[in-house]
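Open the model in your viewer and keep the selection tool at hand.

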Amino acid sequence: MQLLDGKKISEQLLEEIKADVEKLRSGNKKIPHLAVILVGNNPASETYVGSKIKTCERIGFKSTLIHLPDTIEEAVLLQKIEELNKDSDIDGFIVQSPLPKHISDEKVINAISPAKDVDGFHPENLGRMALNMPAFLPATPYGVITLLDRYDIPTAGKHCVVIGRSHIVGLPVSLLMMRNSKPGNCTVTVCHSKTVDLKSYTLQADILIVATGQTESVTADMVKEGAVVVDVGISRVPDDTKKSGFRLAGDVKFDEVAPKCSYITPVPGGVGPMTIASLLKNTLEGVKRKTA
Ligand code: NDP
């Protein structure tokens, strides 16, 4: 069994992006500028946003954090998005989820200009991605395929089973694994909460991608010997032995599944760090596309 080390690969990616930013700087070209809108004070969101901003600083991007109260009216947030759409210095921006209940995710996603949608959630980007046209790929699925690519995992002709069909992970990753591309060219099966006899599908998987949010629900008896397992899930499990009072766990029961795998992502240190690196790669690619 070999680990798919997302921490190591994301570090490589960030160094590559940093080197590209240096080149832009020395050529007096525009430095990528990412803006992040954070609504409210969800502690997990604050942590994610904090590390996105910190990573921007580390690789030489400009960044702007726009922190809005959770009482903000939907119309005011949409107005802010419009301002960012028009701001020529901002190359890309994201609106951190989850949003307060009174704000429509759909309206927010549709309001973001597809040219600045570095989270890749806009229907135009998802459609372009499905058609294998240039697009911002959603950061987590982009991170998953980059990880498989950097480890040179063969995918063509393999059976990839994805558990989960959310718009931000399961659905786009299944499309990416199916595309006529590398990585890609898999035969893909997508499972979800209404799937009957989940195990009968997971046992067929050469590549199993799990994104359900059901902590440690994929057990050894559900995984084929030699499979490649990518665990997207991340949740906090109470743990008195930790100073924080919790440990991070994935959707896969790592200890019992890992010995059966050829490759597996750890949690933490697998898909998570790849997500931030992919978001920043999208922002850089946006700048390059604009100036090409
Ligand atoms: P969602 O809750 O939006 O989607 C979960 C999906 O899993 C749904 O399609 C659901 O089916 C399916 N599902 C739920 N329970 C089962 C079950 N028992 N059997 C089969 N399918 C099931 O979650 P997300 O896609 O947003 O996130 C999934 C996980 O990934 C979470 O742990 C999240 O924290 C993590 N995540 C990690 C990221 C990272 O950077 N590492 C980024 C984004 C997410 P149905 O559609 O029928 O409801």
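Select the shell around the ligand: its residues divide into six nonpolar, eleven polar and one charged. In this division Ala, Val, Leu, Ile, Met, Phe, Trp, Tyr, Cys and Pro count as nonpolar, Asp, Glu, Lys and Arg as charged, and the others, Gly among them, as polar. The model is predicted: local features need pLDDT of at least 70 and side-chain atom pairs pLDDT 80 or more, while totals for chains, interfaces and linings use all residues. Residues are numbered from 1 along each chain as its sequence is written, and side-chain values use heavy atoms, without hydrogens and water.

The shell holds 18 residues, the closest being Arg-165, Ser-166, His-192, Ser-193 and Thr-275; a residue belongs to it if one of its heavy atoms lies within 4 Å of the ligand.

Next, show polar contacts, meaning pairs of N or O atoms within 3.5 Å.

- Ser-193: a side-chain N or O atom is 2.5 Å from a ligand oxygen.
- Ile-234: a polar backbone atom is 3.1 Å from an oxygen of the ligand.
- Ala-211: a backbone N or O atom lies 3.5 Å from a ligand oxygen.

On its own the ligand has 930 Å² of accessible area, and the protein covers 68% of that (Shrake-Rupley method, 1.4 Å probe).

Now colour by domain. The assignment, automatic or from a database, gives domain 1 (29–113) and domain 2 (139–271). Their C-alpha centres lie 28 Å apart.

Pro-183 is in the loop between helix H7 (170–178) and strand E6 (187–191); helices (H or I, at least four residues) and strands (E, at least two) are DSSP runs, numbered from the N terminus. Another cis bond runs from Val-267 to Pro-268, with omega near 0°. Pro-268 is found in the loop between strand E11 (263–264) and helix H10 (271–291).

Finish at Asn-28, a residue other than glycine with a positive phi, near 55°. Asn-28 is in the loop between helix H1 (6–26) and strand E2 (33–39).

How values were computed: Polar contact = N/O pair within 3.5 Å; in protein donor to acceptor, adjacent residues only side chain to side chain.
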